[in-house]
Amino acid sequence: MSTTAGDAFTTRFDGPAPEVAVSNDIIKRGLIVAPVLIAIAAVIWGGDGAWSSTYAIAIVLLNFALAAALIAGAARISVGLMMGATMFGYLIRLALIFLAVWLVKDAGWISLPALGSTIIVTHLGLLFWEMKYVALSLSQPGLKSDAPQLSREQTI
Amino acid sequence: MEALSALVAAEEAAGGFDPEAKNIAAATNAGLAYGLAAIGPGIGIVYLVGKSVEAMARQPEAAGMVRTTMFLGIAFTEALALIGFVVFILVKFA
């Protein structure tokens, strides 16, 4: 990653954005676990729970994607803008989540307990899952977490 | 606490709570809970990003690592606001 030095208003980060890579990883994993979460919600809350859970997963994944896009886009312009985009992005994303829930709160297929619990479980679960891989790559920069693991016999 | 109980007893003796006032109080409390739940993460995110930019300015070669951890930190901090939001929708709409 290269930087163009200057003051806070002109310093910018060119090159690939790590936020987008992390966000893409989270979305990929979210899509993998989505059927399991939807099935659990369907068992507990029925059909409404399944639809609500699907909607909640979509909200969480879009929230991650939007956060990454905002930070990465602003970092290419200036560090100062990145700070502003992060702070106001937080407010804007909270408002969008509120709007997304407010628009469907009276729909026939919505189950608010299913929606709320899926939002929290998906958000935190995916973060902890991603954190495991990020912590691994930070402590061992050359290690690729997705590479196939060698068995004990192969390493000897 | 005793004063509050006495107030509730006096209100009930006077004919009970007005349903409209009850709804207004519930909406106010739900909004207050969501607002308060969003303030803490807001402060946390500002502090986190400020320190990250400081770290990137000191060590530009570590910017990739700092940005990765910053993004995860922001998402974890935001989880607090989301928990407040879920409590809000359950109190207000459920």
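In this predicted model, 29 residues of chain B are in contact with 31 residues of chain A. Two elements of chain B each give two or more residues to the side that touches chain A: helix H2 (19-58) and helix H3 (63-92). The largest share of that side comes from H3(B), with 19 residues. Sorted by class, the side of chain B that touches chain A holds 23 nonpolar, four polar and two charged residues.

| Helix pair | Axis distance | Crossing angle |
|---|---|---|
| H2(A) (residues 79-104) and H2(B) | within 10 Å | roughly 160° |
| H1(A) (residues 18-75) and H3(B) | 10 Å | about 30° |

**H2(A) with H2(B)**

The axes of H2(A) and H2(B) cross at roughly 160°. Because angles over 145 degrees count as roughly antiparallel, H2(A) is roughly antiparallel to H2(B). The crossing of H2(A) past H2(B) is right-handed. On the chain A side, the contact involves Val79(A), Met83(A), Thr86(A), Met87(A), Tyr90(A) and Leu94(A). These meet Ala38(B), Gly42(B), Ile45(B), Val46(B), Val49(B), Gly50(B) and Val53(B) in H2(B). The residues of this contact of H2(A) with H2(B) comprise 10 nonpolar, three polar and no charged.

**H1(A) with H3(B)**

H1(A) and H3(B) pack at an angle of about 30°. Since angles under 35 degrees count as roughly parallel, H1(A) is roughly parallel to H3(B). H1(A) also passes H3(B) in a right-handed crossing. From H1(A), the contact draws on Pro18(A), Glu19(A), Val22(A), Ala67(A), Ala68(A) and Ile71(A). H3(B) contributes Gly64(B), Arg67(B), Thr68(B), Phe71(B), Leu72(B) and Ile74(B). By class, the contact of H1(A) with H3(B) has eight nonpolar residues, two polar and two charged.

**Asp106(A)**

Within chain A, Asp106(A) is located in the loop between H2 and helix H3 (112-139). Is Asp106(A) buried or exposed? Asp106(A) has 8 C-beta neighbours inside 10 Å, and a residue with 12 or fewer counts as exposed, so Asp106(A) is exposed. Asp106(A) and Gly46(A) are 60 residues apart along the chain, and their C-alpha atoms are separated by 17 Å.

Conventions. Residues are numbered from 1 along each chain as its sequence is written. Chains are lettered from A and ligands numbered from 1 in the order in which they are written. This is a predicted model: local features need pLDDT of at least 70, side-chain atom pairs count only at pLDDT 80 or more; totals for chains, interfaces and linings use all residues. Two residues are in contact if their C-beta atoms, placed from the backbone, lie within 7 Å. Helices (H or I, at least four residues) and strands (E, at least two) are DSSP runs, numbered from the N terminus. Ala, Val, Leu, Ile, Met, Phe, Trp, Tyr, Cys and Pro count as nonpolar, Asp, Glu, Lys and Arg as charged, and the others, Gly among them, as polar. Axes are lines fitted to C-alpha atoms, for helices over the stretch in contact, and angles run from 0 to 180 degrees between N-to-C directions. Angles under 35 degrees count as roughly parallel, over 145 as roughly antiparallel, 65 to 115 as roughly perpendicular and the rest as oblique. A crossing is left-handed if the near helix is turned anticlockwise from the far one by less than a right angle, and right-handed if clockwise. A residue is buried if 20 or more other C-beta atoms lie within 10 Å of its own, exposed if 12 or fewer, and partly exposed in between; C-beta atoms are placed from the backbone.
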